[in-house]
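Biologist: I am new to this one. Could you walk me through how to read it?

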Amino acid sequence: MYFAASELHISIAAEPLFTVFGFPVTNSLLTGFIGSTLTVLILVYVALMVRSGRYNRFVGLVQWVFEGLLNQIKNIIPDTKLARKITPLAVTIFFVVLINYWFSILPGVDAIRIDGVPVIRSLTADLNFTLAIAIVSIVAVQIYAVRYLGAFGNASRYFRNPFKDPIGAFEGVLELVGEFSRAVALSLRLFGNAFAGEVLLVITAFLSGYFASLSLPVFMVFELFIGFIQAYVFFVLTLIFTALAVSHHGPESQTAHSPSVRRSPKAVPARNGR
Amino acid sequence: MTFLTHFASETTTEPGLFGALGIDWRLLVLQLVAFLILVVILGKFVYPWLMKQVDERQANIEAAAEAATAAQKAAADSQEKTAEQLDAARKEAAEIVNTAKLEAAEMARRSEEKARKTAERIAADAHAQIDKDIAAARTALYNDTLELVATATTKIVGSELTKNIDQARIKKAVEESK
């Protein structure tokens, strides 16, 4: 008998299925390729349908989500030009993370194996991917900050004269460390949730045995919800980090972290968004 | 608990922290580049259409909102104009009523005056007629009396006097009797 997780196989790292010219093709890479292709196909299909003026419920659903994301971007980033620029990155993060996360509930996540290695593993349960999009997100934030504040303006967020402004200099160091911690937090949060979700499903299937058909759907629905939440969190944090980066205006903006009502009437989002 | 041992054995075989976490720099760079390509392709060929459609819908909504605002303003203006016209009509009606009342009062006064004058004239005519009638009646009575006296005198005297003589005598007697 080879039913579901009759033999548990948990690996924190994605496992190679085969190699192409010496390059290891892991199970998460294979699943991610399928997931990302599906994402592109869905979005291209919706764009073509919108372009030709043909609509159906699925197109309407994707449009509704897309419009919601756009509104969220406009709300978090008041600068319209910057909001337009960051839209492709933020929206792609949302859709890619969402669809790839939902791949973790596909039947056969742990059951289909080649040489004992599961073939299907969600791309979001691979730290390489989560770290890659976290790096892209943080680097993009830095690029927008440099464009918005200038190279020196952006550097002044981190490097200040310790003799003139010792507290500001210390704060700059903390800010620099914060940038790295944000990238690590972004990647580990998504990876931890996706990996834990897969493990949860595998263990539920393992413990339920023949009743897995009854117990798994509950956790699958839960994972669908968590997948949406994680995609949305990654999307929103990318926007908040961008908004925070471009909201600094030189050394006098030291109060930007705790703005007074008189100096900054606009609401400032949470500093690290966590 | 076999999976725990399996997990432990795998992690211990990987070199370093990154290896234990499954980080492979080649895979990391590959996925980073693949994701960037995905962002560029979607940003260039897919999102513009979706954003254009959203912008158009937003523009339509804004246009509809503006049209609704304009319609509301027009309705408010129309209502204001209607109220102004109603006020003007009420004022005009009040003026007309006042004028009508004044004219009616004037007409009534004139009619009354005319009626009074007519009544006075009729009364005066009636008085004049009555005076005439009285005078005529008196004259007739006087003449009748004269005739009656003449007749009576003739009967008493026994001879018929001429009319002129009788009348002269009667007249004289009457004057004496006064």
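**Reading the two chains**

Modeller: Along its sequence, chain A runs β-β-α-α-α-β-β-α-α-α-α. Helices (H or I, at least four residues) and strands (E, at least two) are DSSP runs, numbered from the N terminus. This is a predicted model: local features need pLDDT of at least 70, side-chain atom pairs count only at pLDDT 80 or more, and totals for chains, interfaces and linings use all residues. Residues are numbered from 1 along each chain as its sequence is written, while chains are lettered from A and ligands numbered from 1 in the order in which they are written.

Biologist: How many helices and strands does chain A have, and how many are in chain B?

Modeller: Chain A has seven helices and four strands. Chain B has four helices and zero strands, in the pattern α-α-α-α.

Biologist: What share of each chain counts as buried?

Modeller: A residue is buried if 20 or more other C-beta atoms lie within 10 Å of its own, with C-beta atoms placed from the backbone. In chain A, 38% of the 274 residues count as buried. In chain B, the figure is 6% of 178 residues.

Biologist: How do I describe two packed helices?

Modeller: Use the angle between their axes and the distance between the axes. Axes are lines fitted to C-alpha atoms, for helices over the stretch in contact, and angles run from 0 to 180 degrees between N-to-C directions. Take helix H3 (residues 80-102) and helix H7 (residues 212-246) of chain A: their axes come within 8 Å and cross at roughly 160°. That makes H3(A) roughly antiparallel to H7(A), a term for angles over 145 degrees.

Biologist: Which residues of H3(A) and H7(A) meet?

Modeller: Contact means C-beta atoms, placed from the backbone, within 7 Å. From H3(A) come Phe94(A) and Trp102(A), among others, and the H7(A) residues include Phe228(A) and Leu239(A). The contact holds 17 nonpolar, four polar and no charged residues. Nonpolar covers Ala, Val, Leu, Ile, Met, Phe, Trp, Tyr, Cys and Pro; charged covers Asp, Glu, Lys and Arg; the others, Gly among them, are polar.

Biologist: How many residues are in contact between chain A and chain B?

Modeller: 28 residues of chain B are in contact with 37 residues of chain A. On the chain B side, H3(B) gives the most, with 17 residues. By class, that side has 17 nonpolar, seven polar and four charged residues.

Terms used
A residue is buried if 20 or more other C-beta atoms lie within 10 Å of its own, exposed if 12 or fewer, and partly exposed in between; C-beta atoms are placed from the backbone. Angles under 35 degrees count as roughly parallel, over 145 as roughly antiparallel, 65 to 115 as roughly perpendicular and the rest as oblique. Two residues are in contact if their C-beta atoms, placed from the backbone, lie within 7 Å.
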